[in-house]
Amino acid sequence: MSNLLIGLLGALVATNQPAAVSNLVHQTTGISMTVPDPNDPVEKEYKKLLEADDDAQAEVDKWIEENNEFSAKGAGMDRAEMNRRIMARFAPVRKGYEDFIKKHPDHARVRVAYGSFLGDLHDEEGSEEQLEKALELNSNDPAIYNNLANIYGHVGPVKKAFEYYARAIELNPVEPVYYHNFGTTVYLFRKDAMEFYAINEQQVFDKALELYSKALKLDPTNFPLASDVAQTYYGIKPWRIEEALKAWTNTLAIANDEIEREGVYLHLARIKLHAGRFTEARAHINSVTNSMYAELKTRLIRNVNERENPPKETNAPATEAPEKK
């Protein structure tokens with residue numbers, strides 16, 4: 001058990017827990033932090049606001065799921081009406097954030113929460129404004145740098161996203177999400193990464209994969225993360241066959257159910273098809289039985305057959321066309 005963890009356990013039984021935790025983290029890591037007092041009226045108001053946000057998000061997620069099911073049966077609500085309903089549900093939450101910020105304009109954490117809320121509503125300009133203000137109030141919060149980097153990676157400047165992800169990791173080197181986001185941005189914006197780091201494209205791929213590797217080491221049982229990393233190999237040219245197979249094999253090992261496992265079998269089949277390992281590819285395809293993969297399975301079988309048995313070229317001379325008279 002680390003000294004920091006032992007100290008945190010001791011701090012939990014201290015009379016003044018927030019102060020004890022804050023002092024311990026500062027002494028152990030050198031990072032200054034403020035732990036809020038849960039009995040503070042402002043903190044209680046803030047927590048209530050977050051709960052309202054979470055409740056609204058959960059309810060909207062349920063509406064969307066139900067509407068998708070109804071739509072599949074031809075009875076769903078149209079998109080415009082659903083959007084109006086969603087905006088109406090989020091309206092009191094938005095007002096709650098705005099009212100809180102008017103009363104407590106220097107509350108950095110509510111700025112972060114509101115920025116995330118606005119980001120979910122695709123209001124990136126509003127989200128960036130709140131996060132920039134939060135950064136002015138607290139320049140040592142890694143989540144702020146990560147969230148701003150997400151925005152810069154989407155709307156630019158991308159090179160600023162690289163800087164902010166690096167800063168987030170510097171402040172919190174054990175958060176896998178930061179490495180994952182950083183790696184994805186490097187991978188997607190290869191030209192910017194080549195210019196920013198003065199490296200070539202293959203080195204950009206290496207850098208992205210190194211960041212992904214660190215994310216997986218910190219969160220080794222995260223199937224969506226592992227799957228996302230493994231799919232990266234489809235975009236790397238020339239193909240890195242053995243590395244790709246290893247990534248998908250590792251992903252298979254942490255699959256949570258048969259649907260996830262069969263999805264990985266199809267990816268393994270695709271990689272081995274490309275490598276010319278047709279028997280192995282066919283074996284993976286035959287392991288898939290779920291009907292949801294039927295179309296993809298059929299297409300892969302056809303591709304294996306075509307690659308394994310290409311049309312034979314004929315050496316017979318072409319028939320001459322009859323002479324025109």
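## Basis of the model

Helices (H or I, at least four residues) and strands (E, at least two) are DSSP runs, numbered from the N terminus. This is a predicted model, in which local features need pLDDT of at least 70, side-chain atom pairs count only at pLDDT 80 or more, and totals for chains, interfaces and linings use all residues. Residues are numbered from 1 along each chain as its sequence is written, and side-chain values use heavy atoms, with hydrogens and water left out.

Pro 157 sits in the loop between α7 and α8. The bond from Gly 156 to Pro 157 is cis, with omega near -5 degrees. Another cis peptide bond joins Lys 237 and Pro 238, with omega about 0 degrees. Pro 238 is in the loop between α12 and α13.

His 122 is not a glycine, yet has a positive phi of about 65 degrees. His 122 lies in the loop between α5 and α6. Its relative accessibility is 71%, so His 122 counts as exposed (over 50%; buried is under 20%, partly exposed in between, with a 1.4 Å probe and protein chains only). Ala 198, also not a glycine, has a positive phi of about 55 degrees. Ala 198 belongs to the loop between α10 (190-197) and α11. Ala 198 is exposed, at 69% relative accessible area.

## Helix pair α5 and α6

Helix α5 (residues 108-120) packs on α6 at about 160 degrees, with axes 8 Å apart. Axes are lines fitted to C-alpha atoms, for helices over the stretch in contact, and angles run from 0 to 180 degrees between N-to-C directions. That makes α5 roughly antiparallel to α6 (over 145 degrees; under 35 is roughly parallel, 65 to 115 roughly perpendicular, the rest oblique).

## Helix pair α11 and α12

Helix α11 (residues 201-218) and helix α12 (residues 223-231) pack at about 160 degrees, with axes 10 Å apart. That makes α11 roughly antiparallel to α12. Tyr 212, Ala 215 and Leu 216 of α11 meet Leu 225, Ala 226 and Val 229 of α12.

## Nonpolar cores

A nonpolar core is a set of buried Ala, Val, Leu, Ile, Met, Phe, Trp, Tyr and Cys residues joined through side-chain atoms within 4.5 Å. The largest has 49 residues. Those with the most contacts inside this core are Leu 148, Tyr 164, Phe 182, Val 186, Trp 248 and Ile 271. Helix α8 gives the most to this core, with eight residues. A second, separate core of 18 residues includes Ile 86, Phe 100, Phe 117 and Leu 121.

Key. Contact means heavy atoms within 4.5 Å.
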